[in-house]
Amino acid sequence: MHIPSAMTFPTLLTRLDALLQQRRPAYYATLNPPATAAELAAFEAEFGLMLPAELRLWFGWHDGQRGFESFVQNNCLQSLSSAADTMRVNRELLEDGDFVANWWQPGWVPFLENGGGDHVCVDLSGTFTGHAGQVLEHWHDWEARPVLFPDLTAWLTAVVQAYEMAGEGGEELPDESVEEMELEHPAGFPQEFEAG
């Protein structure tokens, strides 16, 4: 099923929520309650960031999950507190001079993790491209820093489309099919970059 490109982020979240309830009910039960406005404000204050509306809606939908079952590909939903922990550790290492250029940036907000130290982040500073809000991949032990999508809405469009295509018959999706999902990237993406 093709998703209209003009679909808004809130509409996509509603669609994703319904898909997860229908096709992954056991996984859906592991999702945390939404992050509160106070938690989002405290996060922004600690890191001196202004989260874009889409990212606030994302954490306000479900604030991560319990456990490390895959949400899409080999990534699970990262909670706001887990994102904060990741950002604190990497900020400290960055300030101590332990990283080469663009190993980590203070404007990278992780929202997915694989449980092994790697993350998918919203890049609020537009590293490499100058496009703030892009979605990039951060590896803890590899220099690759691909920009996967131009923004969070494009990423969520691809996720919803992948879920719809994987479960077109309405059946529940096994974990293996979620881990093997391929996300359709917009033209010109992913864009390959490296730290260093």
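Which residue in β4 is the bridge partner of valine 122? Valine 135 is. Hold on to that pair while I walk through the rest.

Ground rules. This is a predicted model: local features need pLDDT of at least 70, side-chain atom pairs count only at pLDDT 80 or more, and totals for chains, interfaces and linings use all residues. Residues are numbered from 1 along each chain as its sequence is written, and side-chain values use heavy atoms, with hydrogens and water left out.

Overall picture. The protein has seven helices and five strands. Helices (H or I, at least four residues) and strands (E, at least two) are DSSP runs, numbered from the N terminus. The order from the N terminus is α-α-α-α-β-α-β-β-β-β-α-α.

Dimensions next. The C-alpha trace spans about 50 × 35 × 30 Å along the principal axes. For 196 residues, a compact globule would have a radius of gyration near 16 Å; the protein has 16 Å, so the two agree. That radius is taken over C-alpha atoms, and the globule rule is 2.2 Å times the number of residues to the power 0.38.

Burial. Of the 196 residues, 49% are buried. Buried means under 20% relative accessible area, exposed means over 50%, and partly exposed is in between (1.4 Å probe, protein chains only). The protein exposes about 9000 Å², and carbon and sulfur atoms supply 54% of it. Those areas come from the Shrake-Rupley method with a 1.4 Å probe; for residues, only the protein chains shown count as cover.

Contacts. Take those between residues at least 6 apart in sequence: 62% join residues at least 24 apart. Contact means heavy atoms within 4.5 Å.

Charges. There are 8 positive and 31 negative, and their mean positions are 7 Å apart. Lys and Arg count as positive, Asp and Glu as negative; His and the chain ends are not counted. Each charge is placed at NZ of Lys, CZ of Arg, CG of Asp or CD of Glu.

Now the sheet. Five strands form an open sheet in the order β1-β2-β3-β4-β5, with antiparallel pairing. The edges are β1 (76-77) and β5 (147-149), each pairing on one side only. Two strands pair if DSSP finds at least two bridges between them.

Start at β1. It pairs with β2 (residues 108-113) in the antiparallel sense over two bridges. Cysteine 76 has glutamate 113 as its bridge partner in β2. Leucine 77 has leucine 112.

Move to β2. Six of its six residues are buried. β2 and β3 pair in the antiparallel sense over five bridges. Leucine 112 stands opposite valine 120 in β3. Proline 110 stands opposite cysteine 121. The hairpin of β2 and β3 has five residues between the strands, and glycine 115 there takes a positive phi near 85 degrees.

Then β3, residues 119-123. Five of its five residues are buried. In a regular strand the side chains alternate between the two faces of the sheet. Here both faces are covered: His119, Cys121 and Asp123 are buried on one side, Val120 and Val122 on the other. β3 also pairs with β4 (residues 134-138), antiparallel, over five bridges. That brings us back to valine 122 and valine 135.

Now the backbone details. Which peptide bond is cis, with omega near 0 degrees? The one from phenylalanine 189 to proline 190. Proline 190 sits in the segment after α7.

Positive phi in residues other than glycine comes next. Glutamine 73 has a phi of about 55 degrees. It lies in the loop between α4 (53-61) and β1. Glutamine 73 counts as partly exposed because its relative accessibility is 26%. Phenylalanine 128 has phi near 75 degrees. Its loop is the one between β3 and β4. Phenylalanine 128 is also partly exposed, because its relative accessible area is 29%.

Last residue. Glutamate 168 lies in the loop between α6 (152-166) and α7 (175-179). Buried or exposed? Glutamate 168 is exposed, because its relative accessible area is 59%. From leucine 80, glutamate 168 is 88 residues apart in sequence and 32 Å apart in space, C-alpha to C-alpha.

That is the tour.
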